[in-house]
Amino acid sequence: MSASFRWASSCTDVDSTLADVWAKRQFYLADLRHLPAAKSQQASSWSTGSVAGVTVRAMVLEAQGEPLVERELPRPELQPGQVRLRVRTCGICRTDLHIHDGELPYPKLPLVLGHQIVGTVIEGGAAFAIGRRVGVPWLGWTCGECRYCRSGRENLCDRARFTGYHLDGGYAEEAVADERYCFEIPEGYSDAQAAPLLCAGLIGYRSLVLAGDPERIGLYGFGASAHIVAQVAVSQGRHVFAFTRPGDDAAQSLARELGAKWAGDAAVQPPEELDAAIIFAPVGELVPAALRAVRKGGSVVCAGIHMSDIPSFPYELLWGERVLRSVANLTRRDGKELLALAPQIPVHTTVETFPLGDAEGGLDSLRAGRIRGAAVLMVESGRISR
Ligand SMILES: [Zn+2]
Ligand SMILES: [Zn+2]
């Protein structure tokens with residue numbers, strides 16, 4: 001058992017953690033200037049956050065850049081308004097990789113990664129019956145008071161907390177989550193196939209909406225997000241052009257199977273001028289490439305949370321009222337819309353599964369570009385008997 005582990009599953013848990021971030025004057029994702037000062041009683045409440053004698057197996061990030069470590073943790077304490085979930089599956093997201101590898105600064109540490117959680121409610125809350133299957137996304141808590149929350153843009157909340165980053169996530173047998181941010185999982189999806197909808201799907205969907213109303217849409221990086229958004233776009237009558245790493249025949253063939261009109265290397269100009277493009281790959285060089293492929297007045301949407309530096313490019317690539325923008329996080333509305341839409345299309349997710357104990361192997365495969373579709377941890381099937 002890890003004696004130093006303290007679950008952070010609610011807002012008050014993380015205020016103290018994030019006070020460290022404030023002390024370092026670092027700002028990331030949410031603007032942290034409005035954080036309350038750390039309160040000493042919060043620190044003391046952490047140490048009582050376990051249920052005596054019951055432990056939860058988890059893969060824990062103890063230090064960025066280090067492999068995950070398998071731990072038996074004390075069971076997380078349930079706060080008012082939260083549900084306790086027996087985790088069934090948890091999608092592996094590229095954001096997990098950015099946190100793991102140290103490209104996103106100042107996570108809660110030690111940390112349970114994972115923000116595409118499919119679990120069964122086993123305790124707490126009022127919105128979901130016991131036994132109900134629910135999903136937990138990246139957006140774990142918002143303040144409800146800042147200018148962004150009050151204007152329907154809770155994804156930009158000044159004090160947002162994110163699952164598997166500020167709050168402990170789903171690379172564990174149990175998780176607790178604020179029920180207001182949980183979604184019902186649509187019938188007809190297996191636990192493994194539902195998981196990638198919860199971030200890859202939601203971010204892809206939000207990006208597609210913000211791309212305008214393109215007839216021809218380019219998707220740069222054909223992984224978990226793109227393979228879902230391609231199906232949504234095709235169902236809407238759009239023509240999809242898929243761009244992959246050079247020679248990635250597996251991703252290109254998946255794109256064609258899912259209805260892409262064209263699939264090829266990202267360095268190549270598409271056969272038709274695009275109305276919009278979404279960049280999922282965390283590669284800054286793709287920004288000028290996508291601007292070059294998009295018509296006048298078209299949009300290029302950067303969907304990732306992290307990207308390598310964008311090289312300088314001539315103004316003429318942006319000229320002609322082309323729009324370059326990012327997409328940050330998700331709103332609960334995005335989630336409800338996609339989870340209602342997905343079974344109607346229906347979206348089929350292609351997944352590669354890994355047991356909980358091999359989370360590191362799943363992250364390695366994602367980093368190396370070896371995943372066809374989305375990577376998912378099978379948590380419940382990997383349970384150990386006690
Ligand atoms: Zn807010
Ligand atoms: Zn994600």
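A289 sits in helix α8, where helices (H or I, at least four residues) and strands (E, at least two) are DSSP runs numbered from the N terminus. A289 is buried, because 22 other C-beta atoms lie within 10 Å. Here a residue is buried if 20 or more other C-beta atoms lie within 10 Å of its own, exposed if 12 or fewer, and partly exposed in between, with C-beta atoms placed from the backbone. Although A289 and A266 are 23 residues apart in sequence, their C-alpha atoms are 7.9 Å apart in space.

This is a predicted model, in which local features need pLDDT of at least 70 and side-chain atom pairs count only at pLDDT 80 or more, while totals for chains, interfaces and linings use all residues. Residues are numbered from 1 along each chain as its sequence is written, and chains are lettered from A and ligands numbered from 1 in the order in which they are written.

- Opposite G218 stands F241 in β12.

**Helix α5 and its partner α9**

- Two packed helices are described by the angle between their axes and the distance between the axes.
- Helix α5 (residues 200-210) and helix α9 (residues 332-341) pack at an angle of about 100°, and their axes are 9 Å apart.
- The two helices α5 and α9 are therefore roughly perpendicular to each other; angles under 35 degrees count as roughly parallel, over 145 as roughly antiparallel, 65 to 115 as roughly perpendicular and the rest as oblique.
- On the α5 side the contact is made by G201, L202, Y205 and R206, and on the α9 side by D334, G335, E337 and L338; two residues are in contact if their C-beta atoms, placed from the backbone, lie within 7 Å.
- These contact residues of α5 with α9 divide into 3 nonpolar, 2 polar and 3 charged; Ala, Val, Leu, Ile, Met, Phe, Trp, Tyr, Cys and Pro count as nonpolar, Asp, Glu, Lys and Arg as charged, and the others, Gly among them, as polar.
- Helix α5 is mostly covered, with 9 of its 11 residues buried.
- Among the buried residues of α5 are A200, I203 and L208.
- The elements covering the buried residues of α5 include β3 (82-92), α6 (224-235), β14, β15, α9 and β18.
- Just after α5, G212 takes a positive phi of about 95°.

- Strands β17 (residues 351-355) and β18 (residues 374-378) run parallel and are joined by 5 bridges.
- The bridge partner of P355 is M378 in β18.
- From β17 the chain crosses through helix α10 (residues 359-367) to β18, and this β-α-β crossover is right-handed; that is, with the strands pointing away from the viewer, the path from the first strand over the helix to the second runs clockwise.

**Strand β1 and its neighbours**

- Strand β1 (residues 55-61) has 5 of its 7 residues buried, so it is largely enclosed by the rest of the structure.
- With strand β2 (residues 69-74), β1 pairs in the antiparallel sense over 6 bridges, and M59 has E70 in β2 as its bridge partner.
- With strand β4 (residues 111-112), β1 pairs in the antiparallel sense over 2 bridges, and V60 has V112 in β4 as its bridge partner.

**Backbone details in the loops**

- The peptide bond from L109 to P110 is cis, with omega near -10°, and P110 lies in the loop between α3 (94-101) and β4.
- Another cis peptide bond runs from I345 to P346, with omega near -15°; P346 belongs to the loop between α9 and β17.
- Y106, in the loop between α3 and β4, has a positive phi near 55° in a residue other than glycine.
- Y106 counts as buried because it has 20 C-beta neighbours inside 10 Å.
- E321, in the loop between β15 and β16, has a positive phi near 60°, again in a residue other than glycine.
- E321 is exposed, because 9 other C-beta atoms lie within 10 Å.

Notes. Axes fitted to C-alpha atoms, helices over the stretch in contact; angles between N-to-C directions. Pairing = 2+ DSSP bridges.
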